[in-house]
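Here's a quick briefing on the model below. Have the fold open while you read, and start with one term that comes up again and again.

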Amino acid sequence: FDRPRIASFHPPHTHPMKSLLPLLLIAATAFAAEKAPDELALLDTRELHNRGTLRLQQGDLVGAEEALRASLARNDDVLRLPALHNLGHVRFGRGKLALGGKTVGDVTELSIARSYLEASDADISDMQDQIEIIDKAKADSKEPDYVPAVSALGGGIGTYRTVKKLIPKEEAMVAKRAGVIASWVRSVGDFRSAHELNTQDQPSLQNAEAIEELLRALKRETLALEEAIADQRKKQEELREVIRELAKRIPPDKLPQNAEGEGDDDENFLPEGMQKPKGGSGGKTDPREGQEKRMSEQEARSSLESLKGEFGRKMPTSDKPGNSPGGNKPSSEAKKKDY
């Protein structure tokens, strides 16, 4: 891209300002209580143009755009072409800044989205295999081996929760790129308008064509990311269904710890009778009366204090369920696990 174009600096045009100054002072006095006078309104077209160009060189893109747009609003035919040219630089620079100083989107974002789609497919396949294995063992009146099933279920739940958190971030990336695309489209329009005013202005034409090529690449990648997000949402539904089906086939005391949601936003894959009420303390226990009454399996441990009884519900997930007679050791382990 070529350099911004600076109109020749001239001493301030004092004679036209003398005739406008009384009117400006009157307007400023009338509205002083509500709004200070617009600084740009006190500058002539050339001063506005040069201020905008100087802001562009200094990296103040917001200030540059404001001054250049004010210059164009004065309808000065002499400065219209350089103002449009420089405004094209400003709007291209704002889009580039939004991309972290790059002229292309980060392909890593799309790669991550696609990698989790592959991970979801792998987890679904593993869990479906385990469902068949468990069903076959039970049909043959055999005790299923739950170890690989628990491993597959834990992996599926982990992928599900990771993708669920990833999708809003990816959507924010798409929104950011949409802003870049809009800014670059306007930049192309500025450069092409400058070229239309002077068809011999090759730099403006070359800038417009170069940005259009960058736009095409960014639009392709953004569309691919949008499609990946849509595919992830569909895969989330498949994951949820398979996770629930496999969780039904595993004894509650063998379910992986991540089967229980860690907060209000996390899906709880515990069997219906073991699920805690939503709106709790985000995964931490809350020894409220209503919560204790729902856990009938704890009634046999009425000698324990309510907090230990609450934690005791999770104790079957330990390596050796049922080996402790309900003493202090299980409650201590549970507390360590929860905190």
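Buried means under 20% relative accessible area, exposed means over 50%, and partly exposed is whatever sits in between (1.4 Å probe, protein chains only). At 24% relative accessibility, Glu47 therefore lands in the partly exposed class. Bear in mind that this is a predicted model, where local features need pLDDT of at least 70, side-chain atom pairs count only at pLDDT 80 or more, and totals for chains, interfaces and linings use all residues. Residues are numbered from 1 along each chain as its sequence is written, and side-chain values use heavy atoms, with hydrogens and water left out.

**The chain overall**

- The chain has 10 helices and 0 strands; these are DSSP runs numbered from the N terminus, with helices being H or I of at least four residues and strands being E of at least two.
- Going along the sequence, the pattern reads α-α-α-α-α-α-α-α-α-α.
- Of the 339 residues in the chain, 39% are buried.
- Take contacts (heavy atoms within 4.5 Å) between residues at least 6 apart in sequence: 70% of them join residues at least 24 apart.
- The accessible surface is about 19,400 Å², and carbon and sulfur atoms account for 53% of that; such areas come from the Shrake-Rupley method with a 1.4 Å probe, and for residues only the protein chains shown count as cover.

- Some ground rules for angles: axes are lines fitted to C-alpha atoms, for helices over the stretch in contact, and angles run from 0 to 180 degrees between N-to-C directions.
- Under 35 degrees counts as roughly parallel, over 145 as roughly antiparallel, 65 to 115 as roughly perpendicular, and the rest as oblique.
- A crossing is left-handed if the near helix is turned anticlockwise from the far one by less than a right angle, and right-handed if clockwise.
- For residue classes, Ala, Val, Leu, Ile, Met, Phe, Trp, Tyr, Cys and Pro count as nonpolar, Asp, Glu, Lys and Arg as charged, and the others, Gly among them, as polar.
- Helix α6 (residues 146–197) packs with helix α7 (residues 202–249) at about 160 degrees, their axes 7 Å apart, so α6 is roughly antiparallel to α7.
- The α6 and α7 crossing is left-handed, and the contact of α6 with α7 has 29 nonpolar, 10 polar and 13 charged residues.
- Helix α5 (residues 107–139) meets α6 at an angle of about 155 degrees, with the axes 9 Å apart, which means α5 and α6 are roughly antiparallel to each other.
- The crossing of α5 and α6 is left-handed, and the residues of that contact split into 14 nonpolar, 6 polar and 6 charged.
- α4 packs with α6 at about 160 degrees, with axes 8 Å apart, so α4 is roughly antiparallel to α6.
- The α4 and α6 crossing is left-handed, and the contact of α4 with α6 contains 10 nonpolar, 7 polar and 7 charged residues.

**Residues in helices**

- Glu47 sits in helix α2 (residues 45–58), and its C-alpha is 9.8 Å from that of Leu68, a residue 21 places away along the chain.
- Ala152 belongs to helix α6 and counts as buried because its relative accessible area is 12%.
- Leaving aside neighbours within four places in sequence, Ala152 is in contact with Asp126, Met127 and Gln130.
- The C-alpha atoms of Ala152 and Pro256 are 9.7 Å apart, although 104 residues separate the two along the chain.
- Thr222 is part of helix α7, and its relative accessible area of 6% makes Thr222 buried.
- Not counting residues up to four places away in sequence, Thr222 touches Val174, Arg177 and Ile181.

**Positive phi in the loops**

- As background, most residues other than glycine have a negative phi.
- Asn75 has a phi near 55 degrees, a positive value in a residue other than glycine.
- You'll find Asn75 in the loop between α3 (61–73) and α4 (77–98), where its 54% relative accessibility makes Asn75 exposed.
- Ser141 also has a positive phi, near 60 degrees, and is a residue other than glycine.
- Ser141 lies in the loop between α5 and α6, and at 70% relative accessibility Ser141 counts as exposed.
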